[in-house]
Number of protein chains: 2
Amino acid sequence: MSEHFDDNKLSASLEDYLEAVLAVIIEKKAVRAKDIADRLSVSRSSVTGALQALAAKGYIHYAPYDVISLTDEGEKVATMILGKHNILTQFFAKMLLIEPGLAEETACKMEHSMPEEVIERLTCLYSFIMDSQKDPNEWSTKFSDYCKKQNKSSKA
Amino acid sequence: MSEHFDDNKLSASLEDYLEAVLAVIIEKKAVRAKDIADRLSVSRSSVTGALQALAAKGYIHYAPYDVISLTDEGEKVATMILGKHNILTQFFAKMLLIEPGLAEETACKMEHSMPEEVIERLTCLYSFIMDSQKDPNEWSTKFSDYCKKQNKSSKA
DNA sequence: CAAAAAAGTTAGGAATGACTTATATTATGC
DNA sequence: GCATAATATAAGTCATTCCTAACTTTTTTG
């Protein structure tokens with residue numbers, strides 16, 4: 001399909017950096033290494049290292065002291081990752097009724113090991129269920145009631 | 001709640017070893033290092049190393065050349081991990097209608113980063129949806145139809 | 001029961017990944 | 001042009017995970 005030589009595969013941590021690049025660009029039109037360092041709570045030199053790795057794999061344009069930007073491929077992948085993150089967060093929070101903080105945190109970890117096909121299907125499930133609710137609170141009421149009952153009977 | 005000193009936390013790989021120990025015990029009543037080596041496709045010496053690490057963290061009873069068994073804590077944790085694995089596999093395969101191989105593979109990766117609370121809730125969702133189906137094929141028919149429609153309209 | 005085979009252990013080391021601190025370099029605002 | 005803020009590089013730490021090779025213990029079996 002495309003030019004994947006298998007050395008442009010991303011580790012979880014590099015995915016986080018790439019995701020952060022896009023997120024900061026969206027937020028404020030441009031990225032500086034410092035923004036990423038702050039956002040991910042790492043040193044500036046870690047950021048430099050990560051950016052070099054991302055550039056070597058073809059996801060960003062990078063040259064010392066120059067402006068950072070995403071390549072086409074990088075934009076595609078970063079958008080995918082950010083998308084996964086958002087879908088997962090929503091699924092956990094709105095559908096499983098997990099408390100927002102934990103939903104976010106869990107999404108963060110899982111976004112790295114979730115194949116596209118599975119994410120697509122999860123998106124489908126989410127809209128399938130949500131679309132079939134009459135009013136916006138119906139799901140949360142029904143489902144939390146069901147969970148409570150389950151817990152009661154399982155602890156008996 | 002209990003005596004967690006933070007050095008008994010398990011990496012994804014150690015969780016895999018621990019899970020394998022339990023799985024083999026269930027399958028054939030006892031574990032030999034070789035079973036684990038075969039199952040995880042690693043060398044025998046890697047298994048020794050992992051078993052020592054698991055013992056140091058209090059999850060298994062281990063002494064050179066002796067029988068391997070789970071501690072109470074180890075059994076608890078291993079059961080949890082295996083449980084996560086199974087729920088996730090089922091959820092992917094039966095609910096999201098993912099092909100069994102990919103369902104299994106994805107579950108394998110995700111089981112390590114899924115908090116208990118989220119798994120519990122996912123279990124609830126699974127039974128909530130499945131219990132509300134009249135016949136066993138209802139879900140798969142309804143949901144796959146919906147997905148097909150979604151894909152058609154999104155590719156227009 | 002003793003040798004051979006199988007299983008398990010140990011030592012030592014390589015590769016990787018993700019960080020760090022400390023020092024140098026560049027860019028920019030004034 | 002110079003100070004300072006931002007970046008980059010060098011060099012090294014630390015933890016994981018795995019390997020091979022050589023050794024020891026256990027098991028099998030003639």
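In chain A, the residue that comes closest to the rotation axis is A:Met110, with its C-alpha at 3.2 Å. The model is predicted. Chain A can be superposed on chain B with an RMSD of 0.1 Å.

The largest nonpolar core holds 46 residues. Those with the most contacts inside this core are A:Phe91, A:Phe92 and A:Leu125, together with B:Phe91, B:Phe92 and B:Leu125. In chain A, helix 4 (72-95), helix 5 (100-110), helix 6 (116-131) and helix 7 (138-154) each give two or more residues to the core. In chain B, the contributing elements are helix 4 (72-95), helix 5 (100-110), helix 6 (116-131) and helix 7 (138-154). In soluble globular proteins, nonpolar side chains tend to be buried together.

A:Leu125 has contacts in both chains. Leaving aside neighbours within four places in sequence, A:Leu125 touches A:Phe91 and A:Met95 in chain A. In chain B, A:Leu125 is in contact with B:Phe91, B:Met95, B:Leu96, B:Trp139 and B:Phe143.

B:Gln133 sits in the loop between helix 6 and helix 7 of chain B. Its relative accessibility is 13%, so B:Gln133 counts as buried, the cut-off being under 20%. The side chain of B:Gln133 reaches the backbone nitrogen of B:Trp139 at 3.4 Å. Not counting residues up to four places away in sequence, B:Gln133 touches B:Glu138, B:Trp139 and B:Lys142.

DNA strand C has 18 residues around it. A:Ser43, A:Ser45, A:Ser46, B:Arg44 and B:Gln52 come nearest. By class, the surface near DNA strand C has seven nonpolar, eight polar and three charged residues.

Both chains supply this surface. Helix 1 (12-28) and helix 3 (44-56) of chain A each provide at least two residues, as do helix 2 (33-40) and helix 3 (44-56) of chain B. Helix 3 of chain B gives the most, with four residues.

Phosphate oxygens of DNA strand C lie 3.1 Å from a polar side-chain atom of A:Ser11 and 2.7 Å from one of A:Ser46. For A:Tyr65, a polar side-chain atom lies 3.0 Å from a base oxygen of DNA strand C.

Definitions and conventions. Residues are numbered from 1 along each chain as its sequence is written. Chains are lettered from A and ligands numbered from 1 in the order in which they are written. This is a predicted model: local features need pLDDT of at least 70, side-chain atom pairs count only at pLDDT 80 or more; totals for chains, interfaces and linings use all residues. Side-chain values use heavy atoms; hydrogens and water are left out. A nonpolar core is a set of buried Ala, Val, Leu, Ile, Met, Phe, Trp, Tyr and Cys residues joined through side-chain atoms within 4.5 Å. Buried means under 20% relative accessible area, exposed over 50%, partly exposed in between (1.4 Å probe, protein chains only). Contact means heavy atoms within 4.5 Å. A polar contact is a pair of N or O atoms within 3.5 Å; within protein, one must be able to donate a hydrogen and the other to accept it, and residues adjacent in sequence count only if both atoms are side-chain atoms. Copies are superposed by least squares on the C-alpha atoms of residues with pLDDT of at least 70 in both. A residue is near a molecule or strand if one of its heavy atoms lies within 4 Å of it. Ala, Val, Leu, Ile, Met, Phe, Trp, Tyr, Cys and Pro count as nonpolar, Asp, Glu, Lys and Arg as charged, and the others, Gly among them, as polar.
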